[in-house]
Amino acid sequence: MKKNTIRQYAQSLYQITRNAAPKQLPEITKQFLFLLTRHHQLNKIDFIIKEFDQYAKEQEGIQEITIESASTINSENLQNIKKIFGGENTIVHSTIKQNIIGGMRLISKNLIFDATLKKQLQKLKEHLSR
Amino acid sequence: MSTNSIIEELKKNISSFKKETAQEEIGTVVEVGDGIARLQGLNNCQASEMLEFSGGTYGMALNLEEETVGSVLLGEYEHIKEGDTVKRTGRILSVPVDEELIGRVINPLGQPIDGGPELKIKKFYPIEKIAPGVITREPVSQPVQTGIKAIDAMIPIGRGQRELIIGDRQTGKTAIAIDTIINQKGQNMICIYVAIGQKESKIAHLVAKLKEAGAMDYTIVVVAGASQPASLSYIAPYAGVAIAEYFMDQGKDVLCIYDDLSKQAWAYREISLLLRRPPGREAYPGDVFYLHSRLLERACRRNKESGGGSITALPIIETQAGDVTAYIPTNVISITDGQIFLETDLFYRGIRPALNVGISVSRVGGAAQIKPMKKVAGKLKLTMAQFRELEAFAQFASDLDPETKMQIERGQRITELLKQPQYYPLPVEHQVAAIFAVDNGFFDQIELKNISAAEKNLIEFMEKTKRSLLDKIAQGEWDDKIEQNLKDACQEFIKSN
């Protein structure tokens, strides 16, 4: 039998729990853990939880982005960024990182949009050394 | 340069710089150890793509699986932790290529390791490339003079050929390769020596010898030392041949030596097992044949319409206890156009190079031999074959008929003549003169132990008095008149001694 992928486990867990009553959830979780044990996949539980979280957000249209900036971003800019990524359904985690000098870096899923001064200076260095 | 002009130049450079937001694809390290890493999230990653890990370490994607990407790490990996971010670079693993590399010792990523100035090379060649097709190729027709009598006479190598050097440890495999490099001086050849998994002390010694002989003026040394990760040993031959392809694209002839491919196969086996690829015979992965065939197939001689140039490959394989039937030796024997077989027994009997001429072959090199050598060596091969048949009877010398006795003695003299010290390659005209003399019986009266001295004297004599004849031979001229002149010269030499 072909092994199921982490994404497949996460998807099936999501499908079962989506419309389940809160009372049923502990039993579903228990059965899911038994299933993983039978499939010898319990060691992948961390990845499945991560994948479940991501998949659930995907299905519910929730975008999660991390913003790294050198200084605090004002609410107007934050709203603008939210708009680009999907409006009110966007969850923003904002962190301050002094070492990027200026500008900001957006991390969304597997993509980084790097508009920091540090990156620009790095690129300028490469450009000048050519 | 005035301050203003500096400012102007800087302004000009900066104005040509385009500011843009960088978009990068990232993944996460889920497993790391023993020079490999398993990554998650790199959905669009390509095979053989370079990946950037934290701390500036690079890796190469090898296994593209459903959920993860298996990659080898090309450098230090102690600082890489689970959960670290990995970036895609979008570049297939490549090496810098330029004339600047000549005379340098570099690692397989093209970074100099000889303490010399940094390289500023803008051109890159991918390390993996499909070999030139049939239409662009041409048969081997020009020789690679190794300067080793036994090889140039009996196992000739042509430009674009792949000739395997095989033998146990300590049989002089590297010595043949180094002598060949030294002999390429003035032969319009660029040499690339790829050292795979070797002791750094041996490499240092070797580079010093090449420098001493003036061979570093046309040589590049690519080193993946024994202390470096297996991934570097795995990519080193491909990096070497990528550099060779750059020179071939300019119509030049290149000699590429891989010392040795057994260690590359070990490195590949290590990586494959760590990446959990299914093991096959001797625990090598299933594609270990393709590992070597795709490398050696890149050696070729291209026709003029396709730009000309050639890559001659001299792969080296180390056998264990003379076992040529092991997996890797048989694979490489079947891929190459012949093999030079070195034996421990011969080595300890003082026959150096310890070449077993009986089982060494060159399948295509004969076409590349110069005419005088072809004429002289044809007879030599026959004499040696007869000698091998009769060698067992040598101990009954007193009971043998004069004909057999003569053949044995001639064979012994040829064997003696074919002995050659290391770092002492001979020009082809000297080789022709010496082989002609012994094969035509001019050395029959000379005692066996004095053969090498007689050869030296003959060459000195010819250099002093018959330089024009030697020049003709070097240019590949051969007719009855030249043969007669050579005979007369040998007679004159024998008389004068």
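Why is strand β5 of chain B largely enclosed by the rest of the structure? Here are some notes to read beside the model.

1. **Before you start.** This is a predicted model, in which local features need pLDDT of at least 70, side-chain atom pairs count only at pLDDT 80 or more, and totals for chains, interfaces and linings use all residues. Residues are numbered from 1 along each chain as its sequence is written, while chains are lettered from A and ligands numbered from 1 in the order in which they are written.

2. **The enclosed strand.** Strand β5 of chain B covers residues 68-73, and six of its six residues are buried, so the strand is largely enclosed by the rest of the structure. (Strands are DSSP runs of E with at least two residues, numbered from the N terminus. A residue is buried if 20 or more other C-beta atoms lie within 10 Å of its own, with C-beta atoms placed from the backbone.)

3. **Two faces.** In a regular strand the side chains alternate between the two faces of the sheet. Both faces of β5(B) are covered: T68(B), G70(B) and V72(B) are buried on one side, and V69(B), S71(B) and L73(B) on the other.

4. **Its partners.** Strand β2 of chain B (residues 36-40) pairs with β5(B) in the antiparallel sense, over five bridges; two strands pair if DSSP finds at least two bridges between them. Here I36(B) stands opposite V72(B). Strand β4 of chain B (residues 58-64) also runs antiparallel to β5(B), joined to it by five bridges, and M60(B) stands opposite V72(B) too. Follow the chain from β4(B) to β5(B) and you will trace a hairpin through three residues.

5. **Where the chains meet.** On chain B, 15 residues are in contact with 14 residues of chain A, contact being C-beta atoms, placed from the backbone, that lie within 7 Å. Strand β1 of chain B (residues 22-33) gives the most to this side of chain B, with six residues. By class, the side has three nonpolar, six polar and six charged residues. (Ala, Val, Leu, Ile, Met, Phe, Trp, Tyr, Cys and Pro count as nonpolar, Asp, Glu, Lys and Arg as charged, and the others, Gly among them, as polar.)

6. **A pairing between chains.** Four bridges join strand β4 of chain A (residues 111-116) to β1(B), and the two run antiparallel. Look for L111(A), which stands opposite E25(B).

7. V105(B) lies in strand β8 of chain B (residues 105-106). V105(B) is buried, because 23 other C-beta atoms lie within 10 Å. Beyond its neighbours within four places in sequence, V105(B) has contacts including P112(B), V207(B) and V223(B).

How values were computed:
Buried ≥ 20, exposed ≤ 12 C-beta atoms within 10 Å, placed from the backbone. Contact = placed C-beta atoms within 7 Å.
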